[in-house]
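Visitor: I would like a close look at a single part of this protein. Please take one element and go through it slowly.

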Amino acid sequence: MKDHCPRCQAEKKNADRFCGECGFRLNEEEVLTDGTRVEMKMSDIQLNLATVYFKRADYQETKRLCEKILVLEPGNKSAQELLEKAAEAEETELTKG
Ligand SMILES: [Zn+2]
């Protein structure tokens, strides 16, 4: 069975809690049924997703998303901080060897 993101129609993986394309929260069915509450800020959604990647130690994706957010919102402090944290963690991983 193939599932698709209700927002952007991108194919989603079973384990994904967020859409890889648009960052839409996939398991929050109650949010989907009420269209008026879906209007979460795009940067918030992407930041949530970036945080998930960070917890998974996927720092490349974390940085990629944070950079995306910062293109849209250069003043987004949370994204800046997460980007720095990811860069640091990545550095640590590399030197750990
Ligand atoms: Zn999507």
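Guide: What follows is an account of helix 2 and its surroundings. This is a predicted model, in which local features need pLDDT of at least 70 and side-chain atom pairs count only at pLDDT 80 or more, while totals for chains, interfaces and linings use all residues. Residues are numbered from 1 along each chain as its sequence is written.

The protein has four helices and two strands (DSSP runs, H or I of at least four residues for helices and E of at least two for strands, numbered from the N terminus). From the N terminus, the order is β-β-α-α-α-α.

With helix 4, the packing angle is about 20° and the axes are 11 Å apart (axes are lines fitted to C-alpha atoms over the stretch in contact, with angles from 0 to 180 degrees between N-to-C directions). The two helices are therefore roughly parallel, a label for angles under 35 degrees. Leu 47, Ala 50, Thr 51 and Phe 54 of helix 2 meet Ser 78, Ala 79, Leu 82, Lys 85 and Ala 86 of helix 4, where contact means C-beta atoms, placed from the backbone, within 7 Å.

After helix 2 comes Ala 57, with a positive phi near 65°.

Key. Expected span 1.5 Å × (residues − 1). Parallel < 35°, antiparallel > 145°, perpendicular 65-115°, else oblique. Contact = placed C-beta atoms within 7 Å.
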